[in-house]
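Hello,

Here is the structure I promised to pass on to you. Have a look at it first, and then read my notes below.

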Amino acid sequence: MTSSQTLSAFDGRILPLLVCPRCRLPLALEDSKLTCEEGHRFALIEGIPILLLSEVPQTHVEGTRSLAVAEQGDGANLPQFDVAPGSIDPFVQRAIGATNGGLYQHLVGNMTEYPIPQLRLPVGDGKLFLEIGCNWGRWCIAAAKQGYRPVGIDPSLKAIRAARRVALQLGIDAHYVVADGRHLPFADGLFGQVFSYSVLQHIACEDVESTLREIHRVLASGGKSLVQMPNAYGLRCAYHQLRRGFREATGFEVRYWGPRQLMSAFSAMVGSTALSVDGYFSLNPQFSDRRFLPIKYQALVWTSEMLRRASEKFPVMANFADSLYLSSIRN
Ligand SMILES: [Zn+2]
């Protein structure tokens with residue numbers, strides 16, 4: 001198959017994993033749509049399942065846009081990108097500042113290589129890995145390289161289309177689905193590892209709780225989740241809250257949770273949870289990406305990494321870290 005055929009075909013290997021996000025019955029392929037026995041039907045756009053619930057408010061405007069394309073029923077009007085081998089996907093060129101954080105702004109339009117982060121997890125040994133809010137798929141790519149079988153979801157069809165193009169370009173075997181973390185279209189107990197980075201901070205508290213309950217449902221017994229969240233008491237996070245006058249966040253603005261609040265929500269809804277540091281002073285440059293950053297930011301990332309390593313010996317230091325990881329084992 002040519003690359004454009006590969007990108008428009010539905011990859012049937014994902015079908016046994018999928019359930020209807022509305023009633024959780026299995027899905028079958030029927031007349032180029034995915035349907036359940038209750039008669040709920042979901043469009044495939046360029047072979048990508050659009051498994052969002054149209055009756056619930058979306059957490060991101062791109063979810064609403066994905067549903068509009070699904071409603072039309074075909075992707076004929078979607079912009080097509082011809083990405084030359086070795087070049088950077090135009091979607092990623094534009095999105096890098098948003099997906100990776102402010103310290104990557106200088107890379108917008110100037111990337112020559114995809115920054116693929118280092119996943120802070122052991123080798124995957126073929127475990128099924130779910131990423132919630134994968135955007136163009138940098139963590140799914142990292143997971144595939146580390147021996148996991150990645151499945152990425154995002155409400156944005158644009159981001160999922162880009163994720164598929166980048167995976168094809170890099171020779172990465174990953175599945176991507178347009179879906180909502182609050183209504184996961186996966187059967188119970190499937191995943192060995194769930195991961196989410198810089199995503200749940202953008203949605204309301206009750207939506208985070210729904211997502212955590214869904215993480216618990218799709219994790220296998222003893223399966224693990226690793227979720228990154230900002231810390232309300234982090235130095236930089238405190239400054240941002242001060243700047244907006246400590247008012248309640250709206251729309252896609254960052255919600256700040258305190259470490260205790262995070263621990264109690266994750267422990268109650270996912271399982272036994274430990275807190276560790278991702279980084280200090282910013283959200284959220286990766287130490288493994290430091291060669292992509294200007295010198296002035298490299299110093300910041302080095303200092304952050306030194307403090308992170310110290311926090312492994314002195315856990316109290318997590319209290320003023322800006323970016324935290326919640327590591328849970330399904331109970
Ligand atoms: Zn259904």
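**What I found**

Asp 31 is exposed, since its relative accessible area is 65%, above the 50% cut-off for that class. Please keep in mind throughout that this is a predicted model. Asp 31 sits in the loop between E1 and E2. Its phi is near 50°, a positive value in a residue other than glycine. Glu 46 also calls for a look at the backbone: its phi is near 50°, again positive in a residue that is not glycine. You will find Glu 46 in the loop between E3 and strand E4 (48-49).

Now to the metal. Which residues coordinate the zinc ion? The donors are Cys 20 (SG), Cys 23 (SG), Cys 36 (SG) and His 40 (ND1), at 2.1 to 2.3 Å. The arrangement is tetrahedral because the four donor atoms around the zinc ion subtend angles of 101 to 119°, and the class asks for all angles to lie between 85 and 135 degrees. Along the sequence, the spacing of the donor residues is C-x2-C-x12-C-x3-H. Cys 23 and His 40 link distant parts of the chain, 17 residues apart. Cys 23 belongs to the loop between helix H1 (3-8) and strand E1 (28-30), while His 40 belongs to the loop between strand E2 (33-35) and strand E3 (41-45).

Is Cys 20 buried or exposed? Cys 20 counts as buried, because its relative accessibility is 0%. Cys 23, at 28% relative accessibility, counts as partly exposed. Cys 205 is partly exposed as well, with a relative accessible area of 32%. As for disulfides, the count comes to zero, with a pair of cysteine sulfur atoms needing to be within 2.5 Å to qualify.

On the overall layout, the protein chain is divided into domain 1 (3-72) and domain 2 (90-330). Taken over C-alpha atoms, the centres of domain 1 and domain 2 are separated by 24 Å. Domain 1 gives 32 residues to the contact and domain 2 gives 30 residues. Between them the two domains bury about 2,600 Å², with 65% of it on carbon and sulfur atoms.

Asp 180 lies in the loop between strand E7 (175-178) and strand E8 (191-196). With a relative accessible area of 7%, Asp 180 is buried. Leaving aside its neighbours within four places in sequence, Asp 180 is in contact with Leu 52, Gln 58 and Ile 153.

Phe 195 lies in strand E8 and counts as buried, at 0% relative accessibility. Once its neighbours within four places in sequence are set aside, Phe 195 is in contact with Leu 119, Phe 129, Leu 130, Glu 131, Ile 132, Trp 139, Leu 226 and Tyr 325. Phe 195 and Lys 224 are 29 residues apart in sequence, and their C-alpha atoms are 8.6 Å apart in space.

Do tell me what you make of it.

Best wishes

How values were computed:
Residues numbered from 1 in each chain as written. Predicted model: local features only at pLDDT ≥ 70, side-chain atom pairs only at ≥ 80, totals over all residues. Heavy atoms only, no water. Donors = N, O, S within 2.8 Å, 3.2 Å for Na, K, Ca; no water. Tetrahedral: all angles 85-135°; square planar, octahedral: opposite > 155°, others 65-115°. Helix = DSSP H or I, 4+ residues; strand = E, 2+ residues; numbered from the N terminus. Buried < 20%, exposed > 50% of the residue type's maximum accessible area, 1.4 Å probe, protein only. Domains from an automatic or database assignment. Contact = heavy atoms within 4.5 Å. Buried area = accessible area lost by both parts, 1.4 Å probe.
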